Amino acid sequence: MVALNIQLESSWKMQMKEELSKPYFGELVQFLQNEKAGNHIIYPPESQVFAAFANTPFDKVRVVIIGQDPYHGEGQANGLSFSVTSDVRIPPSLKNIFKELFRDLGISIPQNGDLSQWAKQGVLLLNATFTVRANQAGSHQKKGWEKFSDAIIKSISDNRENIVFMLWGNYAKQKAICVDRTKHLVLEAAHPSPLARSGFSGCAHFSQANEYLLKNNIQPIDWRL
């Protein structure tokens with residue numbers, strides 16, 4: 001059996017302890033081991049699969065931005081939804097996110113796509129599916145990751161208060177069922193991809209998020225990069 005070297009940050013491991021012991025998660029791990037044994041290239045690298053949690057411990061979460069799959073091109077995915085490392089060309093969806101930041105808050109468009117500064121402030125950059133086979137979009141969907149990400153969102157919803165959930169696109173909007181809207185703010189918009197129908201530009205989610213946090217005596221996010 002090929003071993004996997006993916007470690008969950010301690011506060012999240014405590015929250016998700018029961019989930020990690022469920023049969024579906026064992027089947028997911030077996031699937032990933034089989035992929036590795038078959039010499040398939042998987043993104044992101046093992047050490048970054050749970051990077052979202054390493055950067056944003058459970059009790060530090062203030063905002064959740066939900067993506068779909070990791071990027072499937074070489075060197076792109078780094079475990080944070082929509083983010084790429086600083087030396088990688090900014091993908092089209094992220095370009096549109098930056099354009100909305102400028103339109104909404106007047107923030108200058110960044111020169112790179114590394115969103116780790118958001119993550120360190122409490123923005124959980126969560127993909128619904130955590131891994132993907134190289135150059136095969138959606139290849140690790142319906143293997144168990146979606147159940148795991150649902151459980152993560154529900155754990156935040158149940159155990160925290162006044163969190164902002166940003167759901168961009170129909171896939172992310174399906175996660176709204178896991179959120180208690182009486183305790184949290186749910187913001188929905190079209191996906192930022194240029195291929196999506198119009199509806200992301202002008203959503204003003206960044207300013208709305210900070211207004212909500214301030215109203216609830218929570219430090220707002222500095223969205224500058």
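Trainee: Is Cys 203 buried or exposed?
Mentor: This is a predicted model, where local features need pLDDT of at least 70, side-chain atom pairs count only at pLDDT 80 or more, and totals for chains, interfaces and linings use all residues. Residues are numbered from 1 along each chain as its sequence is written, and side-chain values use heavy atoms, with hydrogens and water left out. Buried means under 20% relative accessible area, exposed over 50%, partly exposed in between (1.4 Å probe, protein chains only). Cys 203 has 11% relative accessibility, so Cys 203 counts as buried.

Trainee: What does Cys 178 count as?
Mentor: Its relative accessibility is 13%. Therefore Cys 178 counts as buried.

Trainee: How many disulfides does the structure hold?
Mentor: A disulfide is a pair of cysteine sulfur atoms within 2.5 Å. The disulfide count for the structure is zero.

Trainee: At what angle do helix H3 and helix H7 pack?
Mentor: Helices are DSSP runs (H or I, at least four residues), numbered from the N terminus. H3 covers residues 23-37 and H7 covers residues 145-159. Axes are lines fitted to C-alpha atoms over the stretch in contact, and angles run from 0 to 180 degrees between N-to-C directions. The axes lie 9 Å apart, and the angle is about 130 degrees.

Trainee: Which residues of H7 make the contact?
Mentor: Contact means heavy atoms within 4.5 Å. H3 brings Tyr 24, Phe 25, Leu 28 and Leu 32. H7 brings Trp 145, Lys 147 and Phe 148.

Trainee: Where is Ser 108 found?
Mentor: At 57% relative accessibility, Ser 108 counts as exposed. Ser 108 sits in the loop between helix H5 (92-105) and helix H6 (116-120).

Technical notes
Helices (H or I, at least four residues) and strands (E, at least two) are DSSP runs, numbered from the N terminus.
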